[in-house]
Amino acid sequence: MRKKFHALAWFTIFAVLFTCFSQACFADETEAGRDDSNIHIIITFLGDCTLGAVESDYESPRSFIAYAENNGLGYFFSEVQSVLANDDLTVANLESVFSDDSSTQARNKTYCFRAPVSYAEMLNLASIEAVSFGNNHSMDYGVSGALSTVAALE
């Protein structure tokens, strides 16, 4: 399953790049005033984004969940949102699961990160267009958690 997520992430990146480059390179050359030498594509890559909390911290007033509830879903990327909104593509590494079901938590891991499905909206609010989900936290809540995350991302 991990290879499938990696392949999907890379496919998305290449599809966007191909679309951007093909529009730039193969556009109608008769456009008046067009200067193809000034075409730039800006891609921003973000590192690990853990958009969730471990179950034992869910009720803590200092948890990720509490901050999201008190400050809104746009809070976490608010200081960089203007930068992300002005690029052509933002890719992040999603180090958590979006699932409303905590019963499938992996028992053999110390840290399993989860956020409610509705928190996937954080990515839209931050202007993050693509995520990599093939990492050590994609299966924190089993197959059902991974599938829930993919559905939330779609």
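Two strands are said to pair if DSSP finds at least two bridges between them, and the helices (H or I, at least four residues) and strands (E, at least two) are themselves DSSP runs, numbered from the N terminus. The structure above is a predicted model, in which local features need pLDDT of at least 70 and side-chain atom pairs count only at pLDDT 80 or more, while totals for chains, interfaces and linings use all residues. Residues are numbered from 1 along each chain as its sequence is written, and side-chain values use heavy atoms, with hydrogens and water left out.

With that in hand, we can turn to the sheet. E2 and E5 pair in the parallel sense over three bridges, and Ser132 in E5 is the bridge partner of Asn93. These strands belong to an open sheet of three strands in the order E1-E2-E5, with parallel pairing, whose edge strands, E1 (43-49) and E5 (130-132), each pair on one side only.

Leaving aside its neighbours within four places in sequence, Ile128 is in contact (heavy atoms within 4.5 Å) with Leu46, Phe77, Leu84, Thr90, Ala92 and Leu123.

Finally, in helix H5, Gly145, Ala146, Ser148, Thr149 and Val150 are buried.

Conventions:
Buried < 20%, exposed > 50% of the residue type's maximum accessible area, 1.4 Å probe, protein only.
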